[in-house]
Amino acid sequence: MIRLRRSRKLRGLISVFMAVVMVMQMVASASAHNSDIFGGTYFAASPISLSQLNFAVINAENSLLTLNVIRGGVFVWGGQSSRVRFGTVERMTNTEYTRRFTVNRESIIPIVGHRFPTTTGGGIVLGEVVAQNQNGAEVGVNSNWYSVEIRLNSNPLAWGVDSISETTRRQRATKTVMHEVGHVLKLAHPARGASSSSIIGHNVSGTSGGVAGWYPRAVMNVGFPNNNVIASAITAHDGNNLRAKWGA
Ligand SMILES: [Zn+2]
């Protein structure tokens, strides 16, 4: 159910290297009180504990997506809720992760490198989140989750070509990690506002990876991480949703 929805809305892109942070397709049944939050929680039987979230970086690093960049995208969520606390972000082999998660029952979320297919529509997926139940089957965004993983595009070219500054490409990488960690915390893409006066935020043109309209300022917006549609720091909207979901 958690399907990557590739950039099918992306039209008229000038370059296949334009990137889109994409992710989970919203399922029809939205969560109870807030459409910007996924339903469900982590199974009580799952080793994952929100009060001690550790991350295993497994073959996800490249010249831009350094361990420090990944750490920055994770720890930026710290301090937003006393219920959501972060531990370590460290390199691990898949074997080591599996042992520590399944045998030692440590609260670890893998961040893995992934070769996303190149799209014909011009967009490239930079990251996605996939969740599983106890049997390892993929489950939907509003389901209870047993395990969850973040996949990051392992092709350095996907993050930008050499004509784009390294600073810009690193910002994309950081924003992407921040965004995907938000999904791990069961935050969804913000709903579109009714009008420009209803929400202070960004007017997405429709060519930026999302449906045209006004959106709150948020890390969780859909779009290219190379513009300000996706915030570069946790916003009030992001933080409020996190606390609405898990507590202050
Ligand atoms: Zn997303």
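Of the 248 residues in the chain, 42% are buried, a residue being counted as buried if 20 or more other C-beta atoms lie within 10 Å of its own, exposed if 12 or fewer, and partly exposed in between, with C-beta atoms placed from the backbone. The model is predicted: local features need pLDDT of at least 70, side-chain atom pairs count only at pLDDT 80 or more, and totals for chains, interfaces and linings use all residues. Residues are numbered from 1 along each chain as its sequence is written.

The chain contains four helices and nine strands, taken as DSSP runs (H or I, at least four residues, for helices; E, at least two, for strands) and numbered from the N terminus. Along the sequence these elements follow the pattern β-β-α-β-α-β-β-β-β-α-β-β-α. Among contacts with a separation of 6 or more, 71% link residues 24 or more positions apart; two residues are in contact if their C-beta atoms, placed from the backbone, lie within 7 Å.

Five strands form an open sheet with mixed pairing in the order β3-β2-β4-β7-β6, where pairing requires at least two DSSP bridges between two strands. Strand β6 runs antiparallel to β7 (residues 147–153), to which six bridges join it; Glu-128 has Arg-151 in β7 as its bridge partner. Helix α3 packs on the sheet, where it touches β4, β6 and β7, and its direction makes about 20° with that of β6. Helix α2 lies across β2 (53–58) and β4, running at about 155° to β4. Such angles run from 0 to 180 degrees between N-to-C directions, with axes fitted as lines to C-alpha atoms, for helices over the stretch in contact.

The axes of α1 (residues 67–75) and α3 come within 8 Å and cross at roughly 45°. Helix α1 is therefore oblique to α3, since angles under 35 degrees count as roughly parallel, over 145 as roughly antiparallel, 65 to 115 as roughly perpendicular and the rest as oblique. Residues of α1 in this contact include Val-69 and Ile-70, while those of α3 include Arg-170 and Ala-173.

Most residues other than glycine have a negative phi. Arg-105, in the loop between α2 (94–103) and β4 (108–114), has a positive phi of about 55° and is partly exposed, with 13 other C-beta atoms within 10 Å. Lys-186 lies in the loop between α3 (166–184) and β8 (201–204); its phi is positive, at about 65°, and Lys-186 is buried, with 24 C-beta neighbours inside 10 Å.
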